Amino acid sequence: HAGADKTAADEGVMLRGVLDLDDIEVGEIMTHRTDLEMIDADLSPMQIVSQVLSSQYTRLPLYRGDPDNVIGVLHAKALLREVQDHDRHIDEMDISVVATKPWFVPESTDCLSQLQAFRQRREHFALVIDEYGALQGVVSLEDIIEEIVGEIVDESDIPSLPEVWPQPDGSLVVAGTANLHDLNLALGTKMPEENVTTIGGLIVSLLGDQPEDKLCILESGVYIEVTSLHGDWIRRVKITKVADENGEPHGKSAS
């Protein structure tokens, strides 16, 4: 009966999640504008296609001039279909025609109403604005469903690891005790796992000595920075993938 009991408990949790939706505003669950990936419509078609292909997101807000001036939402599938229609003559494309009309919703909208609106409009994505009409973020159908059933992991998500905290700049804050093999799988990296099992152990093995706070080393395509020490124990590190051929990490200069 254990399986039946667990199923009943899960259904109870989901039911409570549905009932709580009218008490949760979309502003509480949206992806904030500081974490948004947006596309400048004034870029060349080739640059826009490259950005969409390298993004982990399927839908990207398209703006012109100012990020607050959102003129549409670009869907990766529609963009690739347009590329195919132009027989690879990408520079002849009009990206603004490919984008769909933006849908703006107030951040005070309750999630139950937004769920119903998503169903009625058969859409999955909306831009969230404040009372003055300024862009605050985006909310998706998946965001609301996750409020009911818990986090949904898809193929573009970094696997959920209990000792890994993704940062807005794309880096990861990682406990020194985080499993090195799991990190390699999550990041697609090849940090050496011989004779070590944790990221902290790797740092010590690479240095042959106890590291100092704020020490930063380059290994296997990532910068590993010690951000917190407690005596001889590495508590936290920051991992940043190398961004270019010169070994520069995202958002910082090598030192």
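An open sheet of four strands runs in the order E1-E7-E6-E5, and its pairing is mixed. E1 and strand E5 (104-106) are the edge strands, each pairing on one side only. This is a predicted model.

E5 pairs with strand E6 (residues 125-129) in the parallel sense, over three bridges. Proline 106 has isoleucine 129 in E6 as its bridge partner. Helix H6 (residues 111-121) packs on the sheet. H6 touches E5, E6 and strand E7 (135-140). The direction of H6 makes about 140° with that of E6.

Now move to methionine 30. Where does methionine 30 lie? Its place is in the loop between helix H2 (26-29) and strand E1 (31-32). Is methionine 30 buried or exposed? Its relative accessibility is 14%, so methionine 30 counts as buried, the cut-off being under 20%. Which residues does methionine 30 contact, leaving aside its neighbours within four places in sequence? They are Val128, Gln136, Gly137, Val138 and Val139. Take valine 138 from that list. Methionine 30 and valine 138 are 108 residues apart along the chain. Their C-alpha atoms are separated by 5.4 Å.

The next stop is another open sheet. Three strands make it up, in the order E2-E3-E4, with mixed pairing. Its edge strands are strand E2 (39-40) and strand E4 (66-75), and each pairs on one side only. Strands of a sheet pair through backbone hydrogen bonds, in either the parallel or the antiparallel sense.

Take the E2 side. E2 pairs with strand E3 (residues 59-64) in the parallel sense, over two bridges. Isoleucine 39 stands opposite leucine 62 in E3. Aspartate 40 stands opposite tyrosine 63 in E3. A helix belongs to this part of the path: E2, helix H3 (residues 45-54) and E3 make a β-α-β unit. The unit is right-handed.

Cross to the E4 side. Here E3 and E4 pair in the antiparallel sense, over six bridges. Leucine 60 has leucine 74 in E4 as its bridge partner. E3 and E4 form a hairpin with one residue between the strands. In this hairpin, glycine 65 takes a positive phi near 80°.

Aspartate 66 is found in strand E4. How exposed is aspartate 66? Its relative accessible area is 41%, so aspartate 66 is partly exposed; the class covers values between 20% and 50%. The side chain of aspartate 66 reaches the backbone nitrogen of aspartate 68 at 2.7 Å. Aspartate 66 and aspartate 40 are 26 residues apart along the chain, and their C-alpha atoms are separated by 8.5 Å.

Finish at asparagine 184, which has its place in helix H8 (residues 180-187). Its relative accessibility is 6%, so asparagine 184 counts as buried. What does the side chain of asparagine 184 make a polar contact with? The partner is the side chain of glutamate 193, at 2.8 Å.

Technical notes: Residues numbered from 1 in each chain as written. Predicted model: local features only at pLDDT ≥ 70, side-chain atom pairs only at ≥ 80, totals over all residues. Heavy atoms only, no water. Buried < 20%, exposed > 50% of the residue type's maximum accessible area, 1.4 Å probe, protein only. Polar contact = N/O pair within 3.5 Å; in protein donor to acceptor, adjacent residues only side chain to side chain. Contact = heavy atoms within 4.5 Å. Pairing = 2+ DSSP bridges. Right-handed = clockwise from strand over helix to strand, strands pointing away. Axes fitted to C-alpha atoms, helices over the stretch in contact; angles between N-to-C directions.
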